[in-house]
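Trainee: Please give me a close look at one part of this model. I want its surroundings and its partners, step by step.

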Amino acid sequence: LMINDIVLMAQNVVAMTGDCMGDLVSPPDCAADITSFIANTLDAAQAAAALSMACAGEVTDCEQVTLDAAECFSSLASGLVGAATNCDIDAFL
C-alpha cells in the first residue's frame, strides 16, 4: 500500500496548489490538504518500516506503532478541518 500512499501524497500536492495559492486561496481547504499530506506521508513511512522488518530483518515494531499513532491523529485532524469548512455536507459528521 505504500504506492497508494505515494499517489495520495501527489494528489494532496495538486490539491494544495489550488487551495493554498493563486486566486482561489482557501485557508481551511489548504489546512485540510496539508494535514492529509502529513497523514499520507506518515502512512508511507509506516509501510517502509514494515517492509524493512519483513525484508531485512530489522526490528521496527516501535517505529511502526509510533508512525501509526501519528498517522491516526493526522487523519483525525484532516477530517476535523474538513468538517469545519462544510459541516452541512461533510461525510465526517
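Mentor: The cover over the buried residues of α2 includes α1 and α3 (61–85). Buried here means under 20% relative accessible area; exposed means over 50%, and partly exposed lies in between (1.4 Å probe, protein chains only). Helices are DSSP runs of H or I with at least four residues, strands are runs of E with at least two, and both are numbered from the N terminus.

A word on the source. This is a predicted model, so local features need pLDDT of at least 70 and side-chain atom pairs count only at pLDDT 80 or more, while totals for chains, interfaces and linings use all residues. Residues are numbered from 1 along each chain as its sequence is written, and side-chain values use heavy atoms, with hydrogens and water left out.

Now the setting. The chain has three helices and zero strands. Along the sequence the pattern reads α-α-α. The C-alpha atoms fill a box of roughly 50 × 25 × 15 Å along the principal axes. Of the 93 residues, 29% count as buried. Contact means heavy atoms within 4.5 Å. Among contacts between residues at least 6 apart in sequence, 52% join residues at least 24 apart.

Back to α2 itself. The expected span of a helix is 1.5 Å times one less than its number of residues. With 30 residues, α2 reaches 42 Å from its first C-alpha to its last, close to the 44 Å expected. Its buried set is C30, A32, D33, T35, S36, A39, N40, L42, D43, A44, Q46 and A49. For reading such a list, remember that an α-helix has 3.6 residues a turn, so residues three or four places apart point the same way. Just past the end of α2, G57 takes a positive phi of about 75°.

Next, the two partners. Two packed helices are described by the angle between their axes and the distance between the axes. Axes are lines fitted to C-alpha atoms, for helices over the stretch in contact, and angles run from 0 to 180 degrees between N-to-C directions. Under 35 degrees counts as roughly parallel, over 145 as roughly antiparallel, 65 to 115 as roughly perpendicular, and the rest as oblique. A crossing is left-handed if the near helix is turned anticlockwise from the far one by less than a right angle, and right-handed if clockwise. For residue classes, Ala, Val, Leu, Ile, Met, Phe, Trp, Tyr, Cys and Pro are nonpolar; Asp, Glu, Lys and Arg are charged; the others, Gly among them, are polar.

Start with α1. The axes of α1 (residues 2–19) and α2 (residues 27–56) come within 9 Å and cross at roughly 160°. That makes the two roughly antiparallel. The crossing of α1 past α2 is left-handed. Their contact residues divide into 13 nonpolar, four polar and five charged.

Then α3. Here the axes of α2 and α3 come within 8 Å and cross at roughly 160°. The pair is therefore roughly antiparallel. α2 passes α3 in a left-handed crossing. The residues of this contact comprise 14 nonpolar, nine polar and five charged.

Zoom in on A39. A39 sits in α2. It is buried, at 5% relative accessible area. Apart from residues up to four places away in sequence, A39 touches E71, S74 and S75. D68 lies 29 residues from A39 in sequence, and their C-alpha atoms are 9.2 Å apart.

Compare S52, also found in helix α2. At 24% relative accessibility, S52 counts as partly exposed. Leaving aside neighbours within four places, S52 contacts G57, E58 and T60. S52 and V81 are 29 residues apart in sequence, with 33 Å between their C-alpha atoms.

Finally, look across from α3. This helix has 25 residues and reaches 36 Å between its end C-alpha atoms, close to the expected 36 Å. Buried in α3 are Q64, L67, E71, S74, S78, G79, G82 and A83. What covers them includes α2. S78 belongs to α3 and counts as buried at 15% relative accessibility. Beyond four places in sequence, S78 is in contact with A32, T35 and S36. A83 is buried, with a relative accessible area of 6%.
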